[in-house]
Amino acid sequence: MRSITLATACFLSAVAFDSAAAESLFIPADKIYTSPEAKPLLQGGVLVRGGRITSVADERSRIAIPENTQTSQCRGIVVAGFQNSHVHLMGPLFDGAAKKPAAELEKSVESMLTRYGVTTAFDTGSDQANTIALRARIEKGELRGPRILTVGWPVYPPNGIPIYIRDLPKAMLDQLHQPKDAAEARKNVRSNLDAGTDGTKIFMVTTPEPGKLLSLPPEIARAAAEETHARGKLLLAHPGTRAGVRAALDAGVDVIVHTTLGETSPWDSELLREMVAKKMSVVPTFKLWVYELAKQNVPENVVKMLVDATLEQLRAFKAAGGQILFGTDVGYMHEFDPTDEYVWMSKAGLTPMDILASLTTAPAERWKESSRRGRIEPGMDADLVVLAADPADDVKNFAKVSCVFRAGQLIYEAAKPVPNSP
Ligand SMILES: [Zn+2]
């Protein structure tokens with residue numbers, strides 16, 4: 001055991017980094033955001049042992065560093081691991097997850113999630129067995145990846161498969177739940193949860209054909225809520241429209257996974273008041289809106305009007321005291337880089353620390369895990385992201401990820417700079 005000031009520790013020659021073999025790991029830092037609310041620590045670092053954070057200190061602190069501690073070669077701005085609360089683990093990257101070579105699967109997971117700092121991914125709809133197989137392989141250590149939570153197969157209104165997923169393979173479409181009544185909805189939800197899913201996702205309003213909106217019958221939504229809440233899990237909903245948000249509130253939905261595109265009138269104060277009173281969280285997915293409208297060749301001025309209206313929804317929701325969760329709909333959306341989402345969130349009035357909260361403390365609280373994740377404190381899971389630059393200077397820096405640790409294990413490392421390069 002050696003006790004040194006961290007300013008010295010940071011400049012000790014770094015040993016070859018192998019966190020798996022390390023008894024303890026020291027991650028030096030230029031700055032540490034221990035939480036969105038706390039004043040950041042300058043210099044210093046984070047000491048990790050047994051998958052947990054054991055010490056966090058700034059340059060003036062003295063901490064005991066065990067003899068066999070390895071020092072991470074990652075150094076930068078350290079924040080808690082991120083949760084993306086709206087992903088889909090589906091498509092060619094993830095198909096056949098049980099059998100795909102681990103290296104290939106790891107590349108898929110990395111390209112969509114880990115390279116952007118995701119240590120927990122909430123999958124809001126995919127092939128249930130496939131996603132659970134992927135999760136099992138990550139947990140067995142066959143490949144590096146985030147913790148995965150999933151809703152499995154989502155629940156749609158009867159004959160309500162949205163037009164935009166009609167090109168999915170028929171075998172998949174056939175498995176999407178479209179319960180005809182509350183009893184069938186209960187059965188669908190139970191079968192998901194029995195298979196090991198972590199919540200339920202329902203579609204409040206869908207577009208099964210152009211120009212037609214179809215609502216989920218209220219008794220089906222309520223049945224899904226009851227079955228899900230009885231198991232202590234969260235009910236998530238695709239709202240579709242403002243009326244869909246209203247229906248989600250009436251059903252007891254916990255999280256809506258989008259703002260509502262296509263409506264220029266704002267979420268009114270009565271709706272906002274009730275959303276906040278009932279602790280409904282919102283995942284904004286702004287980048288998705290731009291992506292979808294671009295696919296439809298919508299003129300730029302109309303895009304601006306429609307997206308601005310969604311920014312207003314979130315601005316008002318935040319002003320009312322609502323909880324915002326970061327999420328991008330990657331997996332459905334083929335552009336994985338979250339940079340634009342951070343910029344849009346900032347345009348909706350979120351500060352860099354509000355965005356950090358949406359990535360860390362807010363999901364930890366929403367999933368009732370604040371005692372183990374979301375902040376950098378002794379005793380917390382060592383889910384950590386090292387950023388190359390400070391997000392307080394520019395929110396785009398949330399996407400400039402150098403290294404990611406999950407439970408103290410390195411799960412992503414950006415390509416190392418070439419030694420002795422000018
Ligand atoms: Zn989605």
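Reply: Let us begin with accessibility: a residue is buried under 20% relative accessible area, exposed over 50%, and partly exposed in between, with a 1.4 Å probe and protein chains only. Helices (H or I, at least four residues) and strands (E, at least two) are DSSP runs, numbered from the N terminus. By these cut-offs A103 and K107 are exposed, and they sit on the face of α2 turned away from its buried side. The model is a predicted one, in which local features need pLDDT of at least 70 and side-chain atom pairs count only at pLDDT 80 or more, while totals for chains, interfaces and linings use all residues. Residues are numbered from 1 along each chain as its sequence is written, and side-chain values use heavy atoms, with hydrogens and water left out.

Me: What makes L105, S108, V109 and M112 the buried residues of one side of α2?

Reply: In α2, which runs over residues 102-112, these four residues, L105, S108, V109 and M112, are buried. They cover an arc of only 95 degrees around the axis, and therefore lie on the same side of α2; the arc is that of the directions from the helix axis to the C-beta atoms. Their cover includes β9 (82-87) and α3 (128-139), where contact means heavy atoms within 4.5 Å.

Me: Why are H86, H88 and D329 called donors of the zinc ion?

Reply: Donors are N, O and S atoms within 2.8 Å of the metal (3.2 Å for Na, K and Ca), and since water is not among the atoms, sites may look incomplete. H86 (NE2), H88 (NE2) and D329 (OD) lie 2.0 to 2.3 Å from the zinc ion, and they are its protein donors. H86 belongs to strand β9 and D329 to the loop between α10 (300-319) and α11 (339-347), so this pair ties together parts 243 residues apart in sequence. Both H86 and D329 are buried.

Me: How do you know that the chain is as compact as a globular protein of its length?

Reply: The radius of gyration is taken over C-alpha atoms, and the globule rule is 2.2 Å times the number of residues to the power 0.38. The protein chain holds 13 helices and 20 strands. Its radius of gyration is 22 Å, close to the 22 Å that the rule gives for 422 residues, so the chain is as compact as a globular protein of that length. Of those 422 residues, 56% count as buried.
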